[in-house]
Amino acid sequence: MSEKTLILVKPDGVKRGLVGEILGRIEAKGYRISQMRMLQATDDLLAKHYHEHTEKPFYSGMTAYMKSGPIVAAIIEGDRVIEGVRSLSGATDPTSAAPGTIRGDLGRDWGTGEIENLIHSSDGPESAQLEISVWFG
C-alpha cells in the first residue's frame, strides 16, 4: 500500500544548494514527489509543526534555525516511504550519521550550537498526515 510522508529540506540544505541532491536521492530510491513548494517558515507554522516541543529549552534555537532561510517542503509517496526516507536521511546528528545517508554524506557540525541536519522527514503515518496538513493546508 502506497503511503505519503513530508520532507523538509531545511535552510542549511537550501543555502548550500543541496535541494537537487537531496530530492534526487529520494527519487533515485524510486519514491515520487507529488507536491513541492519553497517557503519561509513562520512562528505560527513552526509552532504547529513542532507542537510537542514548544515548552522545551531547545525550541527557540530550533525555530530560529528553521526561520534562518527558505525551506523546501515536499510530499513524497511510495510503498513504505516513511521508513525508506528516514533510512535515507540517516541519524539526526550529522557527525555520527552513517556514510551513504543524506546526513552522513552531506552534513556536519558547523559549530553553531544547533543541529543543522539538512532534512526533516515524518516519523510515522499519524505525524505525516499532521505535518502534510501543516505545510500544505
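A few ground rules come first. Residues are numbered from 1 along each chain as its sequence is written, and side-chain values use heavy atoms, with hydrogens and water left out. As the model is predicted, local features need pLDDT of at least 70 and side-chain atom pairs count only at pLDDT 80 or more, while totals for chains, interfaces and linings use all residues.

Let's start with the strands. Helices (H or I, at least four residues) and strands (E, at least two) are DSSP runs, numbered from the N terminus. Strand β1 pairs with β3 in the antiparallel sense over eight bridges; two strands count as paired if DSSP finds at least two bridges between them. Within this pairing, isoleucine 7 has alanine 74 of β3 as its bridge partner.

Helix α4 is mostly covered, with six of its eight residues buried. Buried means under 20% relative accessible area, exposed over 50%, and partly exposed in between (1.4 Å probe, protein chains only). The buried set is Tyr59, Gly61, Met62, Thr63, Tyr65 and Met66.

An unreviewed UniProt entry puts the feature "binding site" at Lys10, Phe58, Arg86, Thr92, Arg103 and Asn117. The lining of the largest pocket includes Lys10, Phe58, Arg86, Thr92, Arg103 and Asn117 from that annotation. UniProt positions are given in the numbering used here, feature names are shortened, and annotations may be inferred rather than shown by experiment. On a 1 Å grid over the protein atoms alone, a pocket is an open set of points with protein on both sides within 12 Å along at least five of seven lines, and lining residues have an atom within 4 Å of a point.

Phenylalanine 58 sits in the loop between α3 and α4 (59-66) and counts as partly exposed because its relative accessibility is 40%. Threonine 92 belongs to the loop between α5 (81-89) and α6 (102-106); at 48%, threonine 92 is partly exposed too. Leaving aside neighbours within four places in sequence, threonine 92 is in contact (heavy atoms within 4.5 Å) with Arg103, Ile115 and Asn117.

Conventions: On a 1 Å grid over the protein atoms alone, a cavity is a set of points where a 1.4 Å probe fits but cannot get out, and a pocket is an open set with protein on both sides within 12 Å along at least five of seven lines; lining residues have an atom within 4 Å of a point.
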